[in-house]
Amino acid sequence: MTTPDSLQSYIFPKKILKFRPDGSFKICCFSDLHQTIDYDERTLAAMHAIIEKEDPDLVLLGGDLWNEKPDATVEQLREFLDVFTSPMEQRSIPWAHVYGNHDHDILMDRRLMQSIFESYPNCVSGHTEQGVDGVSNFLLPIRSSDESRVAFAVWGLDTHNLSDRLHLRNGVNLRMAHQAPDLPYGTCHWDFVHFNQLRWYYDTSEALEAYNGAPVDTLMLMHAPILEFGICMKNPERTGLTGDALETLFSGSLNSGLLATVLQRGDVRAIVSGHMHDDNFSAEYCGVKLCFDGSIGFRGTEADIRRCARIFTLNETATDRIDTHLVYARDVL
């Protein structure tokens with residue numbers, strides 16, 4: 001196969017991902033650790049136990065991993081990552097990450113931070129070049145069991161931090177977008193996936209299909225949810241919602257058109273987000289599974305009983321149908 005220039009940096013990650021000989025592939029999603037170097041040992045123990053139980057082929061870290069002070073150092077980041085990548089690194093399991101708003105609170109240069117993440121042997125995260133907003137955007141191809149084609153893929157999209165920090169050409173401050181008295185579905189002051197990221201996704205998806213000679217079903221990971229998660233919460237029966245929907249949705253201040261974009265492209269079968277610590281539901285809207293992965297980070301609150309991870313199970317012969325379930329820390333510790 002001839003690799004288009006736009007795919008060169010993505011098509012062969014550090015570790016090749018492929019379906020098992022039996023045609024299966026399993027993904028484990030953790031988010032919202034909210035830990036520091038002085039961490040709650042239950043969080044690390046839960047990650048180890050869930051990975052041991054599920055034996056995933058890929059682990060996705062969905063942001064808000066690091067809650068250090070804004071002036072945290074490179075040495076502190078390495079010390080933190082040595083601890084919280086150990087569940088994957090000790091087992092040689094590939095893992096990838098996107099940043100959450102709290103990761104963006106750290107004032108360290110984002111490219112430097114990304115290079116530290118990517119320096120770990122089993123980190124398969126990628127990063128987009130200048131001109132695409134957000135550093136932690138990636139594409140991960142998953143090859144068929146015989147490695148003859150790309151059978152599935154995973155997208156990671158950076159949802160940034162606060163929309164107030166987004167500099168628009170016309171000088172508009174997006175504070176007005178989330179301070180109106182009656183907003184739908186929990187619109188809030190968080191940022192969103194920007195248009196140049198959507199354009200990167202769309203164009204790269206087309207290039208992947210051309211490279212593969214056929215469409216490729218995909219999963220999309222991001223930290224902050226899109227507004228359509230709120231539609232599912234308002235319509236649980238119609239969307240087949242299962243799991244907990246206990247916390248008011250806090251999505252980005254504007255609807256960036258992400259769902260409309262992926263529907264027109266037609267490759268994304270599921271979107272998984274973190275950010276909401278007490279929501280862990282899965283629902284289906286316009287044919288796409290919208291899933292929270294819950295929060296794995298213990299913080300000494302009553303909500304700790306809901307600490308969990310989300311598992312996606314794929315079948316090489318039917319990648320358009322993704323099975324998913326939750327694994328609660330309380331059941332494995």
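**Before you start**

This is a predicted model, in which local features need pLDDT of at least 70, side-chain atom pairs count only at pLDDT 80 or more, and totals for chains, interfaces and linings use all residues. Residues are numbered from 1 along each chain as its sequence is written, and side-chain values use heavy atoms, with hydrogens and water left out.

**Stop 1: two pairs of helices**

Two packed helices are described by the angle between their axes and the distance between the axes. Axes here are lines fitted to C-alpha atoms, for helices over the stretch in contact, and angles run from 0 to 180 degrees between N-to-C directions. Helices are DSSP runs (H or I, at least four residues), as are strands (E, at least two), numbered from the N terminus.

Select residues 195-212, helix α7, and residues 258-265, helix α9: their axes are 11 Å apart and the packing angle is about 15°. That makes α7 roughly parallel to α9 (angles under 35 degrees count as roughly parallel, over 145 as roughly antiparallel, 65 to 115 as roughly perpendicular and the rest as oblique). Now show side chains. In α7, Leu 198, Tyr 201, Tyr 202, Ser 205, Glu 206 and Glu 209 meet Leu 258, Thr 261, Val 262, Gln 264 and Arg 265 in α9, where contact means heavy atoms within 4.5 Å. Sorted by class, the contact of α7 with α9 has five nonpolar, three polar and three charged residues (Ala, Val, Leu, Ile, Met, Phe, Trp, Tyr, Cys and Pro count as nonpolar, Asp, Glu, Lys and Arg as charged, and the others, Gly among them, as polar).

Next, select helix α2 (residues 74-84) and helix α5 (residues 110-118), whose axes come within 11 Å and cross at roughly 35°. Val 74, Leu 77, Arg 78 and Leu 81 of α2 make the contact with Leu 112, Met 113, Ile 116 and Phe 117 of α5. The classes in the contact of α2 with α5 are seven nonpolar, no polar and one charged residues.

**Stop 2: aromatic rings**

How many aromatic pairs does a search of the whole structure find? There are 13. Rings of Phe, Tyr and Trp (its six-membered ring) pair if their centres lie within 6.5 Å; planes under 30 degrees apart count as stacked, over 60 as edge-to-face and the rest as tilted.

Select Phe 19 and Phe 25, a tilted pair with 5.7 Å from centre to centre and 55° between the planes. Phe 19 counts as buried at 1% relative accessibility, and Phe 25 does at 2% (buried means under 20% relative accessible area, exposed over 50%, partly exposed in between, with a 1.4 Å probe and protein chains only).

Move to Phe 229 and Phe 292: their ring centres are 4.8 Å apart and their planes lie at 55°, so this pair is tilted. It links distant parts of the chain, with Phe 229 in helix α8 (residues 228-234) and Phe 292 in strand β12 (residues 288-292), 63 residues apart. Both Phe 229 and Phe 292 are buried.

Then pick Tyr 10, Trp 155, Trp 200 and Tyr 201, which form one aromatic cluster.

**Stop 3: single residues**

Is Thr 204 buried or exposed? Thr 204 is buried, with a relative accessible area of 3%. Return to helix α7 to find Thr 204. Leaving out residues up to four places away in sequence, Thr 204 touches Ser 6, Leu 7, Tyr 10, Leu 139 and Trp 155.

Finish at Asp 32, in the loop between β2 (24-30) and α1 (41-54). Phi of Asp 32 is near 55°, a positive value in a residue other than glycine. With 0% relative accessibility, Asp 32 counts as buried.
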